[in-house]
Every structure is written in C-alpha cells, then in structure tokens.
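Hi everyone, thanks for making time. Please have a look at the model on the screen, and then I'll walk you through a few spots in it.

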Amino acid sequence: MKTGGIYFVMPAYNEAANIEDTIKQWYPVVEKCNNEDGMSRLVIANDGSKDDTYGIMQKLSANYPLLIPLDKPNSGHGATVLYLYRYAIDHGASYVFQTDSDGQTSPDEFWQMYENRDKYDFQIGNRQSREDGFSRVFVTKTLRLVVWLMFHEWVVDANTPFRLMSAPKLQAVIDTIPADFFLCNVAISAIATKWNYKIGWYNISFKPRQGGVNSINMKRIVKIGWKAIGDFREINNKLNTTHKE
C-alpha cells in the first residue's frame with residue numbers, strides 16, 4: 001500500500017566537500033523507497049553555510065527530482081534537525097530517517113531498519129566501531145551517563161545520526177522539546193525509551209569524516225554538555241505533565 005513514504009532528512013553546514021558524494025550515495029535508497037512506498041524524499045537543510053553547500057545542492061536537484069534542498073539561517077545542528085523533522089511531518093511523511101551529510105554513515109545499513117519499519121516506533125543505530133576519534137567516543141559514553149542521571153533510563157547510543165522513526169510517534173516526542181535544543185536526538189532517544197515506545201537497536205559502522213572540517217571541538221562540546229544538563233532537567237520535568245500518544 002502506498003503511504004506518505006519516508007522522508008530522508010539531513011542537516012548540512014559547510015559540507016561543500018561532502019555534499020555531492022553524500023547525495024549520490026543516498027539517492028538510490030530514496031528512489032527505491034519512493035517506488036515501493038510512495039512519496040519518499042531526500043530533504044537537506046543548509047544551515048547557513050559559509051561555503052557553496054547550498055549552491056551544489058541546487059545544481060544537483062535538476063538531475064535528482066526527489067532531492068529537496070532547503071536554505072535557512074544558521075541555528076545549529078539540533079535546531080536544524082528539529083526543523084527537518086517538522087518539515088517532514090508537515091509534508092505528510094509516514095516515517096522519518098535522519099542521518100548527517102558528512103559521509104560517515106553507510107546507506108547499505110539502512111535496509112535492516114527498512115525491513116522492520118512496521119515492528120518498531122524508533123530504530124536507532126549503535127556505533128560500536130567508531131573511526132571518528134577518541135573525543136567523540138568519550139562524548140557518547142558521557143551522554144549515556146547524563147541521560148541515566150537525568151531521565152533514569154539507560155540508552156545504548158542516544159545521539160546516533162542514523163535513525164528511522166514513525167512520524168506520529170516522533171511528533172509526540174518533539175512536542176516536548178524546545179525548538180532550539182542542540183542535543184535533540186539525545187532527548188528523543190531518552191523520551192522514547194522513557195515512554196516505552198518500541199525501539200530497535202542496530203550495530204552500525206561509523207566512518208571518519210569524508211572531507212571538510214568538523215565544526216564541533218572539545219571546548220564547544222563541554223559547553224554544550226554543561227548547558228544540556230539544565231535543559232534535560234527542564235524536559236524531564238515537562239514529561240511529568242505530558243502524556244505520550
């Protein structure tokens with residue numbers, strides 16, 4: 001049965017070195033889902049890049065009709081991801097798949113989630129073998145502890161940018177999250193777990209950045225993490241008066 005399809009969403013910031021290869025790698029996946037399930041799209045939001053990321057996306061869209069390039073002022077990764085989630089839901093998506101545009105994830109590993117899309121509300125990757133540096137592994141382990149302290153839930157890999165989600169369930173969760181929240185995927189994973197949604201975890205590979213420079217350094221990570229503790233506390237308090245759908 002044809003549905004609203006899967007919206008594949010990606011934030012992009014200064015990804016001129018990666019964006020063309022990323023689109024070419026993921027487009028066949030989007031195309032296959034569009035043919036099988038209905039209105040599937042690849043939606044990439046340029047988050048105020050200072051390079052030619054958006055220009056490259058615009059040029060490629062002429063040959064990739066399922067690609068929707070969006071342009072917006074810079075607001076940070078989390079706010080852009082939430083913007084994309086709302087865009088997908090508002091345009092009738094049945095499912096939303098999110099990954100990043102830096103080439104670190106593999107399209108081949110999407111299909112294990114696709115096959116089980118009717119069994120789970122949320123399907124999230126678990127980065128067991130990461131090749132993006134010790135500092136990022138440290139952050140993942142620290143976030144796991146913070147989520148446990150704030151939400152009293154043990155989440156395997158809360159911030160993975162590789163997740164397939166039911167649009168209605170995602171809508172219920174993001175309604176509890178501030179629009180500018182940087183660690184939105186962490187909050188989504190924690191809330192979905194706390195609300196006992198059906199969650200499937202999959203071991204995935206995670207490559208080094210394929211080009212360009214990472215915009216997040218350790219100093220900024222510490223600053224974001226410190227702020228997140230207070231934000232998580234506010235979200236958790238809000239959950240006490242919010243009921244899941």
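**A buried helix and its surroundings**

Let's start with α7, where the buried residues are Cys184, Asn185, Val186, Ala187, Ile188, Ser189, Ala190, Ile191, Ala192 and Thr193. Buried here means under 20% relative accessible area, with exposed over 50% and partly exposed in between, using a 1.4 Å probe and protein chains only. That makes 10 of the 11 residues of α7 buried, so this helix is largely enclosed by the rest of the structure.

Before going on, a word on the source: this is a predicted model, where local features need pLDDT of at least 70, side-chain atom pairs count only at pLDDT 80 or more, and totals for chains, interfaces and linings use all residues. Residues are numbered from 1 along each chain as its sequence is written, and side-chain values use heavy atoms, leaving out hydrogens and water. Helices (H or I, at least four residues) and strands (E, at least two) are DSSP runs, numbered from the N terminus.

So which residues of α3 meet α7? They are Gly78, Val81, Leu82 and Tyr85, and on the α7 side the partners are Cys184, Asn185 and Ile188; contact means heavy atoms within 4.5 Å.

How do the two axes lie? Those of α3 (residues 77-90) and α7 (residues 184-194) come within 8 Å and cross at roughly 60°. Axes are lines fitted to C-alpha atoms, for helices over the stretch in contact, with angles from 0 to 180 degrees between N-to-C directions. The two helices are therefore oblique to each other: under 35 degrees would be roughly parallel, over 145 roughly antiparallel, 65 to 115 roughly perpendicular, and the rest is oblique.

After α7 comes Asn196, with a positive phi near 60°.

Another asparagine, Asn116, sits in the loop between α4 (111-115) and β5 (122-130). Is Asn116 buried or exposed? Its relative accessible area is 18%, so Asn116 is buried. Not counting residues up to four places away in sequence, Asn116 touches Gln123 and Tyr202.

Finally, Pro28 belongs to helix α1 (residues 19-37) and is partly exposed, at 45% relative accessibility. The C-alpha atoms of Pro28 and Pro107 are 9.1 Å apart, though 79 residues separate the two along the chain.
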